Amino acid sequence: MQEIYKQLIQKGIKKENILQDEQMSMHTSFKVGGKADIFVKAYSLEEIKSVLNISKENNIPIFVLGNGTNLLVKDEGYKFDEAQASEF
């Protein structure tokens, strides 16, 4: 996942918006859920495009998260990128 992290940085996504092994319970209204390998907070359409392109190039499944309401995440977590569309 370090290579993915580096690619995201190279595309201009700020380090503080790329979280590794992030607890999904911090991002859901029910406060449940395990870890996401990489959780990216996207603040622009360009950032979302970058995350999608990097995920596609590396054959990594992605889940786009909105506000996290009415969402249950399993405790085992997920083995893919999470992208949160923030401030749209």
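View 1. In helix H2, the buried residues are Glu47, Ser50, Val51, Ile54 and Ser55, where buried means under 20% relative accessible area, exposed over 50% and partly exposed in between (1.4 Å probe, protein chains only). Viewed down the axis of H2, these buried residues fall within an arc of 125 degrees, so they line one face of the helix; the arc is that of the directions from the helix axis to the C-beta atoms. An α-helix has 3.6 residues a turn, so residues three or four places apart point the same way. Leu45, Glu46, Lys56 and Glu57 are exposed on the other side of H2. The end C-alpha atoms of H2 (residues 45-57) are 18 Å apart, in agreement with the 18 Å that its 13 residues should span at 1.5 Å a residue; the expected span is 1.5 Å times one less than the number of residues.

The model is predicted: local features need pLDDT of at least 70 and side-chain atom pairs count only at pLDDT 80 or more, whereas totals for chains, interfaces and linings use all residues. Residues are numbered from 1 along each chain as its sequence is written, and side-chain values use heavy atoms, with hydrogens and water left out.

View 2. Val51 lies in helix H2 and counts as buried, at 1% relative accessibility. Val51 and Leu8 are separated by 43 residues in sequence, and their C-alpha atoms are 7.0 Å apart in space. Leu8 is one of the buried residues of H1 (residues 2-10), along with Ile4, Tyr5 and Gln7. Seen down the axis of H1, its buried residues fall within an arc of 165 degrees, so they line one face of the helix. Just after H1, Gly12 takes a positive phi of about 95 degrees.

**View 3. Strands E1 and E2.** Strand E1 (residues 18-23) and E2 run antiparallel and are joined by five bridges; two strands pair if DSSP finds at least two bridges between them. Gln20 stands opposite Ile38 in E2. Strand E2 (residues 35-42) is mostly covered, with six of its eight residues buried.

**View 4. The loop between E1 and E2.** Phe30 has its place in this loop and is partly exposed, with a relative accessible area of 46%. Together with Val32 and Leu72, Phe30 forms a nonpolar patch on the surface with about 290 Å² of accessible area. Patches are made of residues with over 30% relative accessible area and no salt bridge, with like charges joined within 9 Å and nonpolar side chains (Val, Leu, Ile, Met, Phe, Trp, Tyr) within 5 Å. A salt bridge is a side-chain nitrogen of Lys or Arg within 4 Å of a carboxyl oxygen of Asp or Glu, and accessible areas come from the Shrake-Rupley method with a 1.4 Å probe. Lys31 is found in the loop between E1 and E2 and is exposed, with a relative accessible area of 56%. Phi of Lys31 is near 55 degrees, a positive value in a residue other than glycine.

**View 5. Asn59 after H2.** Asn59 is found in the loop between H2 and strand E3 (62-65). Its phi is positive, near 55 degrees, and Asn59 counts as exposed at 70% relative accessibility.

**View 6. The fold as a whole.** The protein has two helices and four strands, arranged along the sequence in the pattern α-β-β-α-β-β. Helices (H or I, at least four residues) and strands (E, at least two) are DSSP runs, numbered from the N terminus. Of the 88 residues of the protein, 42% count as buried.
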